[in-house]
Amino acid sequence: MVKEGKRLGYRIIAAEGLNEATVIEGVKVLGKIVFELSGIEEARRLLAGSKKSGVLVSAVPLTVETARWIAHDRRVDTIVMTSRNISIFDRKQASVMKYYGKPLEVTFTEISKSGEEIVGQFARKLRLILGKNIPVIVSSGAREIVEYQHPMVVSSFLAKLLGLDLKTAMSLISLNPYKVVSKLGV
């Protein structure tokens, strides 16, 4: 996976299952932990001790209350929007995320594999979040080599889907993720 990421031009990759940052084939590889959280108590319990150097922590909130609560938790680096929790991301959630400076993450594989109705929902919610000047990160979500896409393919798709210029669309997969990574001190 790292070799393929390098071939496509990625210089930093976050991979679930790693406990620390490392360098493989000249590519920085960060650890990533993704928690699906259905309640505040569960979030408190799972996030306790989860923050480690070189490890990104992402949370997938499954309830509105959990989404509001994790927006202010410093241990969470990104809040992930999926087709299962898309309804949670309304104007109020956007305001809370903006106030606490919490970026939104979506995976390209989920958007690209979804049906037309779900893609439309993603587009509406992403336009709302972007309209509030909240950083959006589009991660690959690739679990197999064939799911990796070239950065230009991803940014072109996002530009068309969201009505963005190519430079802004490219920042969703380059500049915005880099800002989160740099906060980790990597």
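I looked up Tyr100, which is partly exposed because its relative accessible area is 43%, where buried means under 20%, exposed over 50% and partly exposed in between, with a 1.4 Å probe and protein chains only. I note that this is a predicted model, in which local features need pLDDT of at least 70 and side-chain atom pairs count only at pLDDT 80 or more, while totals for chains, interfaces and linings use all residues. Residues are numbered from 1 along each chain as its sequence is written, and side-chain values use heavy atoms, with hydrogens and water left out.

**Aromatic pairs**

I took rings of Phe, Tyr and Trp (its six-membered ring) as paired if their centres lie within 6.5 Å, with planes under 30 degrees apart called stacked, over 60 edge-to-face and the rest tilted. I found three aromatic pairs by this rule. Tyr99 is exposed, with a relative accessible area of 66%.

I then turned to Phe108 and Phe157, an edge-to-face pair with 5.3 Å from centre to centre and 90° between the planes. This pair links distant parts of the chain, 49 residues apart, with Phe108 in helix α5 (residues 108-113) and Phe157 in helix α7 (residues 151-162); helices (H or I, at least four residues) and strands (E, at least two) are DSSP runs, numbered from the N terminus. Phe108 counts as buried at 6% relative accessibility, and Phe157 as partly exposed at 30%.

**Asp73**

I located Asp73 in the loop between α3 (64-71) and β5 (78-80), and it is buried, with a relative accessible area of 7%. Its side chain makes a polar contact of 2.6 Å with the side chain of Arg75 (a pair of N or O atoms within 3.5 Å; within protein, one must be able to donate a hydrogen and the other to accept it, and residues adjacent in sequence count only if both atoms are side-chain atoms).

**Pockets**

I used a 1 Å grid over the protein atoms alone, where a pocket is an open set of points with protein on both sides within 12 Å along at least five of seven lines, and lining residues have an atom within 4 Å of a point. The largest pocket is lined by 47 residues, of which Ala14, Lys32, Ser139, Ser140 and Gly141 lie nearest its centre. For the second largest pocket I noted 18 lining residues, with Asp77, Gly101, Lys102, Pro103 and Lys183 closest to its centre.

Notes: On a 1 Å grid over the protein atoms alone, a cavity is a set of points where a 1.4 Å probe fits but cannot get out, and a pocket is an open set with protein on both sides within 12 Å along at least five of seven lines; lining residues have an atom within 4 Å of a point.
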